[in-house]
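User: I am new to this structure and would like to learn how to read the packing of its helices. Could you take me through it step by step?

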Amino acid sequence: MKLLSFLLIAATAVPLLTSCSSASRKAPDAPAAAVGGLSKDDGKTVQGREDDLDEYAAASVADPLEPLNRATFLLNEGLYTVLLRPISKVYKTVVPKPIREGAHNAFENIKFPIRLVNNTLQGNFQRAGQETGKFLVNTVVGVGGVMRPSEGIPALAGIPPADTDQTFAKWGIGHGAYLVLPVLGPSSLRGTVGLAGDYALNPVSWVSIYFGGYAWTLAIPSANSLRALPYQMDQYDAATGDALDRYLAARSAYIQYRHAVSLK
Amino acid sequence: MTRRLLLFCVLLTAWGKNLSASTATAEKRLQVAIKNVLDIAQSAPSDSALAESIGPVLEKYLSFSAMTRRAVGPGWRQFSKGDQNEAIRLFTTLIIRTYSKKLTPGEYPVIKFKTATAPAPGRVDVPTTLLYRGSTYNVTYRMEQDEGWRVTDVVIEGVSLIANYRTQFDAQFKKGGAGAVISSLTQSVARPQ
């Protein structure tokens, strides 16, 4: 049971396509060439039919541990197929949609410290203020964050969330080596440290940290993991479905996504 | 000097007008394409019926030759004409299958169009937000003039479909050239769903 709880909790952090933020600076972890852009590395504009073949240079990240990463990737795929995807299906079948959405909203709302601290560390004080307003409105009017009335307030709607990996990117820190973490999936050296930062800033983890040792403390993080699981499985399948090489597809999607997040 | 400045301003205005006409035309075309696709998704009685009927519509609005060429990259020049045609055929099948799997018959996503931009002559990026099954996604459609405006890439939350395949094709091409790319495409298309 404890193992199942661990797997569920760990799955919460599957970082493939989760959390993001904003700002318009160019990040240091840009793919080898602007994806889909017209500027090549030499800065010349490319308009010719044939020359534009260079346009989509493969997103690059150092992968010195590829054999180990591929092995971990295979292990994770097995775990997703045998355990996590069936759990996700049961959860979607058993729990009515309004309750699932309410739980999702509440757990996203409670992650407010991650967004507040990282916006502040990025010097984005306006967004930190907006996040505070959004949290207050959703917590008070939205009954503990179960509903999201802030979406109806233009000044508080559509604020891109922030995370620790993004803060590192904005500080000019590169990805480091690409890593596939057991259960958690695609990441990087920087992403893994960022994940630890997010974990420390997430009030859901505080329960286990402060009351560690009691079985009941696993209930809240497990519920958090459970509500996130269907979204993460969908995102994972979207990134790797119909791929020629699922490992490369997941790596490319992760790097492109983190690059896009670092530009927000 | 004044005359040159005036000429420059006139040219700039004309270019701007032309650009905004391009973005409007491309955006309109995309709206029609999305409506056609969603109408099919709405009326299709089953997944298999959806997959069958959506193919011709996608072939009308997507430029599969440009998508395949870009996904393969510079190695495309080393493909024979026959290899190129075969790669386009297989990639078209793969994309149509991938796309049709993402739609559920009877479910309608809500799409909001944002201001389109023209990054270069003959090209338009149309950013949208898509609300589907309770989640919101930022989706940008990259369009080019290829027998009318056609979609050449779809970028979901910063992840480009073509760049994603490019990473995979690159690896195959380095292994065994055009033959390896076509072989991996054939295997992927033949994989049971």
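Analyst: What follows is a short walk through a nonpolar core and some helix contacts.

Analyst: This is a predicted model, in which local features need pLDDT of at least 70 and side-chain atom pairs count only at pLDDT 80 or more, while totals for chains, interfaces and linings use all residues. Residues are numbered from 1 along each chain as its sequence is written, and chains are lettered from A and ligands numbered from 1 in the order in which they are written.

User: Which residues have the most contacts inside the largest nonpolar core?

Analyst: A nonpolar core is a set of buried Ala, Val, Leu, Ile, Met, Phe, Trp, Tyr and Cys residues joined through C-beta atoms within 7 Å; buried means that 20 or more other C-beta atoms, placed from the backbone, lie within 10 Å of a residue's own. Here the largest such core has 69 residues, and those with the most contacts inside it are Met67(B), Ala87(B), Phe91(B), Met143(B), Val181(B) and Leu185(B). Its largest share, 11 residues, comes from helix α10 (residues 246-263) of chain A, where a helix is a DSSP run (H or I, at least four residues) numbered from the N terminus.

User: How do α4(B) and α5(B) pack, and at what angle?

Analyst: Axes are lines fitted to C-alpha atoms, for helices over the stretch in contact, and angles run from 0 to 180 degrees between N-to-C directions; under 35 degrees counts as roughly parallel and 65 to 115 as roughly perpendicular. Helix α4 (residues 81-102) and helix α5 (residues 161-190) of chain B pack at about 30 degrees with their axes 10 Å apart, and α4(B) and α5(B) are therefore roughly parallel to each other. Among the residues making this contact are Ala87(B) and Phe91(B) of α4(B), and Val181(B) and Leu185(B) of α5(B), contact meaning C-beta atoms, placed from the backbone, within 7 Å.

User: Where does helix α3 of chain B come in?

Analyst: The axes of helix α3 (residues 64-72) of chain B and α4(B) come within 9 Å and cross at roughly 100 degrees, which makes α3(B) roughly perpendicular to α4(B). In this contact, residues including Met67(B) and Val72(B) of α3(B) meet residues including Ala87(B) and Phe91(B) of α4(B). With α5(B), α3(B) packs at an angle of about 75 degrees, the axes being 7 Å apart, so α3(B) is roughly perpendicular to α5(B) as well. That contact includes Met67(B) and Val72(B) of α3(B), and Phe169(B) and Val181(B) of α5(B).

User: What is Val181(B) in contact with, beyond its neighbours within four places in sequence?

Analyst: Leaving those neighbours aside, Val181(B) is in contact with Val72(B), Ala87(B), Phe169(B), Gln172(B) and Phe173(B).

Technical notes. Buried ≥ 20, exposed ≤ 12 C-beta atoms within 10 Å, placed from the backbone. Helix = DSSP H or I, 4+ residues; strand = E, 2+ residues; numbered from the N terminus. Contact = placed C-beta atoms within 7 Å. Parallel < 35°, antiparallel > 145°, perpendicular 65-115°, else oblique.
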